[in-house]
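Hi,

Here is the structure I promised to pass on.

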Amino acid sequence: MEQRTGSAPAIELVEKNGELTLSIGGEQAMQAWERDLMWASADMLCEYGGENGGEFYEVGLGLGLSALRIARNPATRRHTVLELFDEVEDLFRARHPDLPDNLSIERGDFFRRIFELPSESIDGMFFDPALDMEVWTDRALWERTMPEVVRVLRPGGVFVPFFSTRPELRWQYVPHFRSIRVERHPFTAYDTTTYTHGTSGDAYIQCYRKD
Ligand SMILES: C[S@@+](CC[C@H](N)C(=O)[O-])C[C@H]1O[C@@H](n2cnc3c(N)ncnc32)[C@H](O)[C@@H]1O
């Protein structure tokens, strides 16, 4: 969903038959069944906050499940979330009027913003944008972008991308880290979920650590 110019797509929260979906441009950008996987990913990230409290950065607000979990972790000093669309933040704030003081939300496109973030400024990044296939397959883009992610992490800091429903490490991330931790978690999606490989099985949370 890389969108550098042009107008915003239609964004809405769809609540139907006990299911909650954030729909962006008619696509399932996020669904509430992911909560436990978001929480497990957030908890893993927060393990790397160090003794003085962690400073974390997140890409993609969505329903804010991971954002709230990270901000509310006692080990988190500051958590900043980057979101592409005003409407996503508006919907989130309407559902959560009282946000933790250590949580801030900023607007922008990750593929631009990453170049502006200061070096060695964060203990961890949770990376969960919903991207189009043409972005995922753009090798030159990832080769430009991932060294910047490594640059902004402190030594010992981690990059935690959203879970995979295949037991594979993504080529986009692997060459940039030597130490990789993977946790397997069972998941059950909605029957209507279209963005997982099957609607139940195992999900793999990956944590890439900078030396
Ligand atoms: C899967 S949702 C995030 C879900 C979130 N982890 C949660 O717990 O609810 C993806 C979000 O990333 C945002 N996004 C997509 N592309 C982006 C980009 N290039 N930069 C920043 N945010 C982006 C979308 O607008 C959407 O809100």
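Below is what I found, going from the overall fold to the details.

Two things on conventions first. Keep in mind that this is a predicted model: local features need pLDDT of at least 70, side-chain atom pairs count only at pLDDT 80 or more, and totals for chains, interfaces and linings use all residues. Residues are numbered from 1 along each chain as its sequence is written.

**Overall**

The protein has six helices and ten strands (DSSP runs numbered from the N terminus: helices are H or I with at least four residues, strands are E with at least two). Its radius of gyration is 16 Å, close to the 17 Å from the globule rule for 211 residues, so the protein is as compact as a globular protein of that length. (The radius is taken over C-alpha atoms, and the rule is 2.2 Å times the number of residues to the power 0.38.) Of the 211 residues, 35% count as buried, where buried means 20 or more other C-beta atoms within 10 Å of a residue's own, exposed means 12 or fewer, and partly exposed is in between, with C-beta atoms placed from the backbone.

**The sheet**

β1, β2 and β3 make an open, antiparallel sheet in that order; strands pair if DSSP finds at least two bridges between them. β1 (11-16) and β3 (27-31) are the edge strands with a single partner each, so one side of each has no neighbour in the sheet. β2 (residues 19-24) pairs with β3 over four bridges, and S23 sits opposite Q28 in β3.

**Buried and exposed spots**

In α1 (residues 35-46), L37, M38, S41, A42, L45 and C46 are buried. T137, in the loop between α5 (133-136) and α6 (139-152), counts as exposed because it has 11 C-beta neighbours inside 10 Å. The C-alpha atoms of T137 and E47 are 31 Å apart.

Cheers
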